[in-house]
Amino acid sequence: MSPRDAISTTYPIKGCARQASPFVLRMLVVLACLLFCLAAPPRAWAEGAGGEQAVADSAVDDEAGFGLNGFVRNNAGTARAARGEDLGYRIPLAEGSTLVLVNTPDEVLVYIDADAAYAAGFSHDSGSDVEALRALVEELDETHSRGGALLSGEDKPWYVTTDPEVDRGAYRYRFCVEAAGGRYTSVVPAGLAEGEDAGDVAESLGIDLGDGVLWSDNAAFVPASDVAREAVPSLLDQAREFFGGIDYRPFWVSLKTSVIALVFTFVLGLVAAWKTMGTSSRLKGVLDSIFTIPMVLPPTVCGFLLMLFFGQSTSIGRWLIAHGIDIVFTWPAAVVSAIVVSFPLMYRTALGAFEALDPAMLDAARTLGWSETRIFRTLMLPLAWPSIAAGTVLAFARAMGEFGCTLFFAGNYAGVTETIPIAIYFQWMGGSSAVALFWVVVVIVFSFLVILFINLYTGHSQAYRHRGLTRAERKQLAAGARRRGAEGAPGEGAPSGDGLEEQGGDALVIDREALRELLLGDAGAGSGGSAGDGSPKGGR
């Protein structure tokens, strides 16, 4: 008989990987559905009749009888002269534009060419027509905003006109001005006389013409029958078009960078934790601060310091470059960035796991003549492995999600240093909100799987605590306890308190008969039985 047969420590841990599998599958299905629904590309179109819809840069309201073609948003203009002609603050217009919207600080000005309004049956005095136009423009403006402010979020009055010039406050707005071989919307000082220079007058009045425009939209205002349309794609066609147009290289760059970084982080983190644990208290505090500081510094600060260290700004950087180590704005720089930001997680987790080990056990190993390396390899690593594994996964996830340090030190080069977080930022800034949202969902799913893996692995690695007795042994002992309770043993009308009933917290379960046999052997157990009370001295 072994000591395991006599004494076992049990920990009531709920749940297991087998029970979690259906839940995991259901969650993955739900997340996949959300991925398509949320990341499906928003389209600024209204469905038309006959299974058709307006194309991406168009919108139509068949009930109102008009629509827009070739929508363009200009977030900024220029005050520079056009071929020597001073037009004030000018914003270019797309060819064929007959509708111009100018978002001013106080109101939204909308100009519609009189002939285009007549052909489409639009009246700027009709409230229903203005509301229908506003809905179309706001919808298209949202898809062309490129992450900027939206008309739908502006609580301003709308002023719709067919006049080519409008004075509003200190500014005069000129719509569809043809000059210098192009067409522009122009902002000049109000009351500007013919022949006067707009820039000089604005300077004398102390006004900035650019302050009169926040941004401008323009499009061709046409009857509903002239709106560009296309066949309504099926859900499968939309999914194929969307997912087929995504550049998946950021995922592979992130994965490759994180895996390589994890190899270095794992080894360096374990060695640093091991060596730090064995140093004096004063030196340990210094080393611990150095190893942990990247975790509390902003990532951009880490990237800036790395760029200084490896760049031309310092003597060390120049020496490294002179010896062929020029990694700024390269893929190795992305790996270094991931190592720097993920190392503290690996180090702190490993250090905490090592410090939680029983010092007496380690000292006992030393008295047996074990070297520190053998103690580390044979005792410390296996006993601390659950925490080390969790720290490894967290370090990998941190490297996978790094943004600021990588962008600062490695830059943004598609297919080389563009990781998922960088792709999210620049896709959103470029107006591709759907693609940015796709990568956001990918990161959320990945993070969920990482956390789930940590929980399942930790529960599995701690399962040995259940195994003081096998399942068959536990059932046999429980049956014996119930039998003794039914027979009414002297002084015991119920199963012993040391039986296998549910325990709270960490319960020490002792089988007295097995313990007696272990301690005294068969002969001792027999003589003890003849002593009269059937129990060894000190058995209880």
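Student: In which helix does Ile260 lie?

Tutor: Ile260 lies in helix α7, residues 249-277. Keep in mind that this is a predicted model.

Student: Why is Ile260 called partly exposed?

Tutor: Its relative accessible area is 34%. Buried means under 20%, and exposed means over 50%. The value for Ile260 falls in between, so Ile260 is partly exposed.

Student: What makes Ile260 part of a nonpolar patch?

Tutor: A patch residue needs over 30% relative accessible area and no salt bridge. Ile260 has 34%. Ile260 forms the surface patch with Val259, Val263, Phe264 and Leu268. Together they have about 420 Å² of accessible area.

Student: Which residues form the negative surface patch?

Tutor: Glu196, Asp197, Asp200 and Glu203 form that patch. Asp and Glu count as negative, so the patch is called negative.

Student: How do you know that Glu203 is exposed?

Tutor: Its relative accessibility is 66%. Exposed means over 50%. Glu203 therefore counts as exposed. Glu203 sits in helix α5, residues 198-205.

Student: Where is Thr419, and why is Thr419 called buried?

Tutor: Thr419 is in the loop between α14 (404-410) and α15 (420-429). Its relative accessible area is 5%. The cut-off for buried is under 20%, so Thr419 is buried.

Student: What does Thr419 touch?

Tutor: Thr419 touches Pro250, Val253, Ser254 and Glu402, leaving out residues up to four places away in sequence. Each is called a contact because contact means heavy atoms within 4.5 Å.

Student: Where is Tyr171, and how do you know that Tyr171 is buried?

Tutor: Tyr171 is found in strand β10, residues 171-179. Its relative accessible area is 16%. Buried means under 20%, so Tyr171 is buried.

Student: Which residues are in contact with Tyr171?

Tutor: Set aside its neighbours within four places in sequence. The contacts of Tyr171 then include Val166, Val187, Val188, Ile207 and Leu209. Gly191 is 20 residues from Tyr171 in sequence, and their C-alpha atoms are 8.3 Å apart.

Student: What makes Glu165 and Arg174 a salt bridge?

Tutor: Their side chains meet at 3.5 Å, N to O. A salt bridge needs a side-chain nitrogen of Lys or Arg within 4 Å of a carboxyl oxygen of Asp or Glu.

Student: Are Glu165 and Arg174 buried or exposed, or what lies in between?

Tutor: Glu165 has a relative accessible area of 42%. Arg174 has 24%.

Student: What makes Arg348 and Asp288 a pair that links distant parts of the chain?

Tutor: Arg348 forms a salt bridge with Asp288, with the closest N and O atoms 2.4 Å apart. Arg348 is in helix α11 and Asp288 in helix α8, 60 residues apart. Arg348 is partly exposed, with a relative accessible area of 35%.

Student: Where is Pro299, and why is Pro299 called partly exposed?

Tutor: Pro299 is in helix α9, residues 299-310. Its relative accessibility is 30%. That lies between the cut-offs of 20% and 50%, so Pro299 counts as partly exposed. Leaving aside neighbours within four places in sequence, Pro299 is in contact with Arg398, Glu402, Gly404 and Cys405. Glu402 is also touched by Thr419.

Student: How many helices and strands does the protein have, and what share of its residues is buried?

Tutor: The protein has 18 helices and 14 strands. Buried residues make up 39% of its 540 residues.

Definitions and conventions
Residues numbered from 1 in each chain as written. Predicted model: local features only at pLDDT ≥ 70, side-chain atom pairs only at ≥ 80, totals over all residues. Heavy atoms only, no water. Patch = residues over 30% accessible without salt bridge, like charges linked within 9 Å, V, L, I, M, F, W, Y side chains within 5 Å. Areas by Shrake-Rupley, 256 points an atom, 1.4 Å probe, with all protein chains shown as cover. Helix = DSSP H or I, 4+ residues; strand = E, 2+ residues; numbered from the N terminus. Buried < 20%, exposed > 50% of the residue type's maximum accessible area, 1.4 Å probe, protein only. Charge placed at Lys NZ, Arg CZ, Asp CG, Glu CD.
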